[in-house]
Amino acid sequence: MKHLVLIGMMGCGKTTCGQILSRRLGLPLVDTDQLIERQAGCSIPQIFARQGEDAFRQLERQVAHRLGETGGCIVATGGGLPLQPESMAPLRRSGVVFFLRRDPGLTYDTIDRSNRPLAQQGRAAFVARFAQREPIYQAAADYVIDCPASPRQAADRICALWQQLEGSSCP
Ligand code: S3P
């Protein structure tokens with residue numbers, strides 16, 4: 001079975017949506033940021049502060065490569081993972097990719113920014129970063145899920161699509 005891969009801007013609801021999908025579909029949830037933290041033995045802000053973004057992206061590539069050799073998981077990705085083709089390629093090969101598209105201004109106003117190094121430059125920079133990334137998310141995705149309301153609504157739509165793709169039931 002393929003992975004069900006969630007991509008999108010930081011704070012768009014990938015983890016929450018992933019948790020709902022994991023319960024409903026009975027598939028394990030894997031979070032690339034958590035795998036990186038485990039491998040590095042420290043938090044994402046610490047990796048950025050001590051080693052820089054390039055080192056973080058390298059860890060991200062390693063984690064994506066390993067996931068590409070397996071299947072059958074809900075994979076919640078870090079928001080910047082699709083920017084690196086070398087990270088996205090193994091996930092595209094091994095999974096079906098859903099882009100959770102949420103208004104970036106709304107996202108900025110509601111997320112916890114304290115543990116997100118790339119959300120520290122203010123609202124306008126966050127919105128501009130989304131504008132820059134959106135075409136990349138679109139190109140990487142098999143499906144675009146608009147989720148203005150809630151991760152639950154997004155999960156409902158993804159569940160219905162997954163059911164069609166995999167022929168599995170979706171409680
Ligand atoms: C990042 C998003 C974060 C995390 C890191 C970089 C990004 O994950 O991977 O801080 O470049 O958008 P979330 O999308 O889970 O916040």
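These are my notebook entries on a predicted model.

**Ground rules**

I worked with a predicted model, in which local features need pLDDT of at least 70 and side-chain atom pairs count only at pLDDT 80 or more, while totals for chains, interfaces and linings use all residues. Residues are numbered from 1 along each chain as its sequence is written, and side-chain values use heavy atoms, with hydrogens and water left out.

**Cysteines**

I looked for disulfides, taking one as a pair of cysteine sulfur atoms within 2.5 Å. The structure has zero of them. C73 is in no disulfide, and the nearest cysteine sulfur, that of C17, is 16 Å away. I then looked up burial, where buried means under 20% relative accessible area, exposed over 50%, and partly exposed in between, with a 1.4 Å probe and protein chains only. C73 counts as buried because its relative accessibility is 12%.

C147 is buried, at a relative accessible area of 3%.

**Helix α1**

I took helices (H or I, at least four residues) and strands (E, at least two) as DSSP runs, numbered from the N terminus. Helix α1 covers residues 14–25, which is 12 residues. I checked its length against the expected span, 1.5 Å times one less than the number of residues. The helix should span 16 Å, and its end C-alpha atoms are 16 Å apart, so the two agree.

Which residues of α1 are buried? They are K14, C17, G18, I20, L21, S22, R24 and L25. For what covers them I used contact, meaning heavy atoms within 4.5 Å. The cover includes the strands β1 (3–7), β2 (29–31), β3 (74–76) and β4 (95–101), and also helix α8 (151–166). G26 follows α1 and has a positive phi, near 65°.

**Largest pocket**

I looked up open space next. Rolling a probe the size of a water molecule over the atoms shows where empty space is left. A pocket here is found on a 1 Å grid over the protein atoms alone, as an open set of points where a 1.4 Å probe fits, with protein on both sides within 12 Å along at least five of seven lines; lining residues have an atom within 4 Å of a point. Grid points are joined across faces, edges and corners, and the volume is the space filled by probe spheres set on the points.

The largest pocket holds about 580 Å³ of space. It is lined by 29 residues, of which M10, D33, G78, G79 and R116 are the closest to its centre. Helices α1, α2 (32–40), α3 (44–51) and α4 (53–67) each supply at least two residues of the lining.

I sorted the lining by residue type: Ala, Val, Leu, Ile, Met, Phe, Trp, Tyr, Cys and Pro as nonpolar, Asp, Glu, Lys and Arg as charged, and the others, Gly among them, as polar. The lining has 10 nonpolar, 10 polar and nine charged residues.

**M10**

I went back to M10, which lies in the loop between β1 and α1. M10 is buried, with a relative accessible area of 10%. M10 and G79 are 69 residues apart along the chain, yet their C-alpha atoms are separated by 4.7 Å. Leaving aside neighbours within four places in sequence, M10 is in contact with G79, T107, I111, R116, L118, A119, F126, R129 and R133.

**Other residues looked up**

D146 is in strand β5 (residues 143–146). Is D146 buried or partly exposed? D146 counts as partly exposed, because its relative accessibility is 34%.

S94 lies in helix α5 (residues 85–94) and is buried at 9% relative accessible area. Beyond its neighbours within four places in sequence, S94 is in contact with K2, H3, L67, G68 and T70.

A141 sits in the loop between α7 (123–140) and β5. A141 is buried, with a relative accessible area of 15%. Apart from neighbours within four places in sequence, A141 is in contact with I7, R92, V97 and F99.

W162 is in helix α8 and is buried, with a relative accessible area of 1%.
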